[in-house]
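Thanks for making the time this morning.

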Amino acid sequence: MNAWVHVLRLELRRVARERSLLWLMLLYMLIAGYAAWTGGAWADARREAQAFIAEETAGARNRTVARATETMEQNPQSGFAATLPFGVLYSPMLPVQPLAPLSLGQGDAFPYVATFHALRSAQGMFDRHSLGITLENPQVLSAGRFDLAFVIVFLFPLFLLAGTYDIWTQERDLGTAGFILSQPRPPVAILAAKLLARGGWLLIALILIPLLALLAVTAGQPFDARGFAHAVLVMGLYGTFWLLVAVAVNVRARHSAQAAIACGGIWLALLFFVPAMLSATANLVRPPPSQAGLVNDLRTIELDILHGRRQQQTTESSDRTTSASSNTLLNTYRSHLARIESEDSIYAEVVEPFRGQQVAHLQVGNNLRVLSPAVTVQHALERIAGNEGNRAISFQRQAQEFLESQRHFASTYRIENPAWTASDHYRNMPEFSFRESTGTDRHMPFLVDLATLLLFNLITAVIAFSTVRRQPLFTDDSGEKH
Amino acid sequence: MNHSALFAVVRRQCVIVSRDSRLRMLSAIFLLACVAAFASSIARNASLSTEADLARIDDARAWADQGSVNPHSASHFGRYVFKTPPVLSAFDPGVFDYAGTLVRLESHQQSVASGRPGNAGTTLSGFTPLSAASLLQVLAPLLIILLGFGAFSGRQARTLLEQELGTGVSPYTLLLGQLLALGAVVVTVLALFALAAVPGLISARSDGEQFTRLFLMLGGYTLYLLTFLAITLGVSALCHSARRSLTTLVAIWVCSILLIPRVAPAVAANIHPAPSVQQFHTEVNAAVDAVMDDGGNRDDRPQRLREMVMERFDVDDIDDLPVNHTGVVLEYSEDVSTDVYRRHFADLYDIYDRQLALQRWFSVASPLIALKPWSSALAGSDVAAHRAFLSDAEDYRYRYVQALNRDIAINRPHTQAEYVADVAQITSVVGEFQASALPLSAVAQRQWPDILVLGGWGTASLAFALWCAGRLRRAV
């Protein structure tokens, strides 16, 4: 029989006999199941909150339209209907993605709803529902979310290492290394057979379990085949990386205890120290903007605006007209809108640099991810789940653009459609629809994540298998190297 | 137990430990990492404090710059209060980065704290930031495991053990000797860290109480680490092979340090869920409306309030009131909304308390669950400290708004003309916002169960280690 197949079968038989692996799998299933359920509960709560806001907004809209229709019926010459679009409330929302339970990521860090009407300042459009985005206990937040991303990034490698940390050193411990190496096969092939037998099934099982849990909690949502495929790809590469780490450690370690210490040390370094260092670097290179500074800058502007308004009111009070004809009222609203737009442009002088600083910090943090496989995987999972910072920032920009388009619509629709009734307007009101990134913007970050993971795999594989070539896997009592 | 034998074993272990270059290096690197984390946190806190101080000055200036305006409009312009990081949060940041650092104060509502420094929105935010506390909580037990797992297990250790037991030394003496020698290393590292922390604390203008707090915190950490040391030595004595000893200990570390502290808050939050922001505000608004409308129609509210004021002042005509009707109504509505908000926030905090109480049960499975609240409470960076800050902010907000409303009630004439007044002058009686820190006695009163649990863990782990030592004679 082929020696390679023999090693493979022997290893598989050993794995089948190891009861501890079965217990590990059961524990992993429990953990992944609970994490998926937690993520699912979060996504459901977010959807419920959005449905609640949508209902509230629809109620306010209906009241506005009903009032306008009633006024128009009673007095067709009333200017009230002409001003209707100025008072209609909008609540653009960042949709919760079907795979949101996979990683809650930055879901609690950014606003997910904007609320405004044309005559309300853009400043504060995210405050009504998102200022205190969550009332969750800060202690729960500081502990970190127990979601599938945590299981995949932190525990998945740990379970993999638990099953493979002694993939070769156990042969040394048992004294069978010499016998196995005496087979007519190169050591690299033998090691690969062992890795395939022990690591292969473990990898498949550890990938399948969280994915099945995710499938179960997202059953009511549209099936995101691409998202699942991406998750499999990311987990596969991440898992392979850790298997290669186990091999790299095993070819150097003299016994299993040493291998376990080394695997544990690498795990600790890659999941605690490197991310902490990267975080500190990101904060140093591009610090996050000061919220307190922004608040006070905005207040200073608000105060100037209030002073300006007061002065304007004093000068205009003598010119005020009591006529409420359609055109006069519309013109009043338009001039009011022009003033608000001009005030918003003053606020923008402070808000835009703040947002720019926020984006720069985000960018540096995201770019640094390529230095750590764990951060890369976390980033990829956040993207798949739709809970990453860039998507939230894009939502803020799109909501802002929508407000501008709505203002344009409000001030021009009467000119372009003079015969429209309130119901016509209601039917033709612009609706917000979040545009997901497309093309390069959509695929490039994911491709970078994959390339990063591939590179880490390649480097680790070179370290592992080049060592096998240079260093003996076994030295017998006579000092002969194998 | 033979004391001279114990002394001899301890002395011998101390010599072995002092000669172990691996141990010396690991301890030095670990100590250095703790000091570096503490020093960088001191610098970060100093920068956050300066930011908060500047923000406070800007906010006060903006308020004063309003000049003469309508006091009620001014109460909507509002003010902000800014939270300064407590000195010892440089050691244990607790929930400081997640609780919010600024609160808007305005009439009719109690705001939620915003501005969370820990939530910058990058992928990196999801990873544990390094602090001296996190190093001691997560890494130190692992180092203890790595240093002690082979104390009694493994072929070499067992051979040596046979010889030692052959000289007539009791296995208990051997275990206690190891425990005392390695425990001395733990205590030395903590003491050196405390010494290194002194200049940092002095530079942060700490008072004597901060040193007492640090001392008590490190007392908790000593108990925690000695617990891990006893467990490590116990497992090492129990397992014949070093591999099994290490695997068991790493599994214990993963479960008690990594898994349970992350699962416990999630379970607590699922069993006692906090309401969503929307749900909370809807309930508050409904409760305020219910009181203001007193079961009647909302449209009748102004008339009802007018009648209420006239009845209170025993007059038949609103013009006969000795005060301005609007001001009195504003004062009344502020009382109502404040009362409703306080009750609802008290309910919310009650949910937090129930979550924390439930989590405390998990400390039976993980000593870290008991250590974390002890450490962050003493650092002044726990939920209770944040609540104290919010409570102070709310009291301040209420006094501020009511000072403005009272001015309207007393000074606004009975005409429809717009009333303006120097709001900075009006609110000068309220003074500037001062947040009070929870006194040490209050912290001790609140956290004694945690130190009790830690003490329990220490005793149980020692008993376990001694029980394992008892089996050593049979094992060799």
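Before I go on, a word on the model: it is predicted, local features need pLDDT of at least 70, side-chain atom pairs count only at pLDDT 80 or more, and totals for chains, interfaces and linings use all residues. Residues are numbered from 1 along each chain as its sequence is written, chains are lettered from A and ligands numbered from 1 in the order in which they are written, and side-chain values use heavy atoms, with hydrogens and water left out.

Chain A brings 74 residues to the contact and chain B brings 67 residues, where contact means heavy atoms within 4.5 Å. How many salt bridges are there between chain A and chain B? The count is 1, and it joins the side chains of Arg299(A) and Asp59(B) at 3.0 Å, N to O; the rule asks for a side-chain nitrogen of Lys or Arg within 4 Å of a carboxyl oxygen of Asp or Glu.

Across that interface, 13 residue pairs are in polar contact, both residues being at pLDDT 80 or more. A polar contact is a pair of N or O atoms within 3.5 Å; within protein, one must be able to donate a hydrogen and the other to accept it, and residues adjacent in sequence count only if both atoms are side-chain atoms.

Let me turn to one residue in chain B. Gln355(B) sits in helix α12 of chain B, residues 325–361, helices being DSSP runs of H or I with at least four residues, numbered from the N terminus. Is Gln355(B) buried or exposed? Gln355(B) counts as buried because its relative accessibility is 0%, and buried means under 20%, exposed over 50% and partly exposed in between, with a 1.4 Å probe and protein chains only. Its side chain makes a polar contact with that of Asn137(A) at 2.9 Å, and, leaving aside residues up to four places away in sequence, Gln355(B) also touches Val140(A) and His272(B), among others.

Finally, the cysteines: the structure holds 0 disulfides over all chains, a disulfide being a pair of cysteine sulfur atoms within 2.5 Å. For Cys255(B), the nearest cysteine sulfur is that of Cys239(B), 15 Å away. Cys255(B) counts as partly exposed because its relative accessibility is 30%.

Notes. Helix = DSSP H or I, 4+ residues; strand = E, 2+ residues; numbered from the N terminus.
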